[in-house]
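Subject: Handing over a structure

Hello,

Here is the structure I promised to pass on to you. Have a look at it first, and then read my notes below.

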Amino acid sequence: MAGILAWFWNERFWLPHNVTWADLKNTEEATFPQAEDLYLAFPLAFCMLMVRLIFERFVAKPCAIALNIQANGPQIAQPNAILEKVFTAITKHPDEKRLEGLSKQLDWDVRSIQRWFRQRRNQEKPSTLKRFCESMWKFSFGLYVFTYGVRFLKKTPWLWNTRHCWYNYPYQPLTPDLHYYYILELSFYWSLMFSQFTDIKRKDFGVMFLHHLVSIFLITFSYVNNMARVGTLVLCLHDSADALLEAAKMANYAKFQKICDLLFVMFAMVFITTRLGIFPLWVLNTTLFESWEIVGPYPSWWVFNLLLLVIQGLNCFWSYLIVKIACKAISKGKVSKDDRSDIESSSDEEDSEPPGSNPHAATTTNGTSGTNGYLLTGPCSMDD
């Protein structure tokens, strides 16, 4: 174990040439980031989950009810033991051959069986109330941490001149404000890692899992080798659009469509400006070029920049989806279901006709028309 630890903490990987871990030990004159500081994030992440539960129950839920957002879920499918067995044990999306077999077995028409499976699938979708509470928590935390980051950074020299991120590196003392900012962000991302398995499942689960994983690794990595100054720029920049997205989603759940549209446009503008403009031209410029000039490259420098490029790749992916939604809204006046989202409405694909009723009756669900319920008015179908 000692050999493994010595290999892992190899100074030639983590630190610039002629710098050792002994040089970065805390003294009475200066405090530097220590790897063991990051253990604090785990109990704080657990506390954050508890705070979230309390917040959603006693703050977000009353707000949702005041906005007439009901906890009612989608229409319950008619109890049927045979269909339930097929749904739970075989498939949630039966093919045509299986539908015909079930139709003969139950003496139901195929459309009624399809409707039953749609309703049964929708039973597993979260209610609008749950969606609102989740978004309100993320909005509140996102607004707080972004506000804190701006207030902290405006007092620092590296916000106004990024070359200060590298002057006297790595002998840059750790201030209490910077330490708090880093541990708070790391705790939040760990809480998301834990909660994403119980939160509302969306189509981009894999991408978001990768994003959380890279973010945790990037925060941890930059803290250990004391790249925390530029790390604070990355964190604050990426927090800038999150609260706007969650606010747009809350407005959508509350059926404030005009406010939702406005917030979504603001979110899209901030997101694309910060992620595709400021981040590469400002942050990546200093991590790739100014740091090379002032400090010079070393192994962990390459890893750090590789992680930032992965983050930028995710930024480009999400920016493409946002532009795609905006183009559809402009060209058609309505938006099909966002590629990043799960179905926005908890009643999506619901059909109120009981089995055996007229199979040719038109279907209308939640203000949408057609058979799939995917067409939504306005750009706020986006559900992160």
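Predicted model: local features only at pLDDT ≥ 70, side-chain atom pairs only at ≥ 80, totals over all residues.

**What I found**

Residues are numbered from 1 along each chain as its sequence is written, and side-chain values use heavy atoms, with hydrogens and water left out.

The chain has 14 helices and two strands (DSSP runs numbered from the N terminus: H or I of at least four residues for helices, E of at least two for strands). Among contacts with a separation of 6 or more, 80% are between residues 24 or more positions apart; a contact means heavy atoms within 4.5 Å.

**Helix 13**

Helix 13 covers residues 257–294 and contains Thr-274. Thr-274 counts as buried because its relative accessibility is 7%. Its side chain reaches the backbone oxygen of Val-270 at 2.7 Å. Beyond its neighbours within four places in sequence, Thr-274 is in contact with Leu-237, Ser-240 and Phe-279. Phe-279 is also where helix 13 has a kink of about 55°, shortly before the proline Pro-280 (the bend is the angle between axes fitted to the seven residues ending at a residue and the seven starting there). After helix 13 comes Gly-296, with a positive phi near 95°.

**Empty spaces**

Rolling a probe the size of a water molecule over the atoms shows where empty space is left. The search uses a 1 Å grid over the protein atoms alone: a cavity is a set of points where a 1.4 Å probe fits but cannot get out, a pocket is an open set with protein on both sides within 12 Å along at least five of seven lines, and lining residues have an atom within 4 Å of a point. Grid points are joined across faces, edges and corners, and a volume is the space filled by probe spheres set on the points.

The second largest pocket has a volume of about 430 Å³. It is lined by 16 residues, and Phe-8, Trp-9, Leu-38, Thr-220 and Val-224 lie nearest its centre. Helix 9 (176–195) and helix 10 (205–224) are the elements that give two or more residues to this lining, and helix 10 gives the most, with six. By class, the pocket lining has 14 nonpolar, one polar and one charged residues (Ala, Val, Leu, Ile, Met, Phe, Trp, Tyr, Cys and Pro are nonpolar; Asp, Glu, Lys and Arg are charged; the others, Gly among them, are polar).

Six cavities of 30 Å³ or more turn up in the whole structure. The second largest cavity has a volume of about 170 Å³, and of its 14 lining residues, Ser-215, Leu-218, Ile-219, Val-234 and Leu-235 are closest to the centre. Helix 10 gives the most to this cavity's lining, with five residues. The lining of the second largest cavity has nine nonpolar, five polar and no charged residues.

Happy browsing!

Notes: Buried < 20%, exposed > 50% of the residue type's maximum accessible area, 1.4 Å probe, protein only. Polar contact = N/O pair within 3.5 Å; in protein donor to acceptor, adjacent residues only side chain to side chain.
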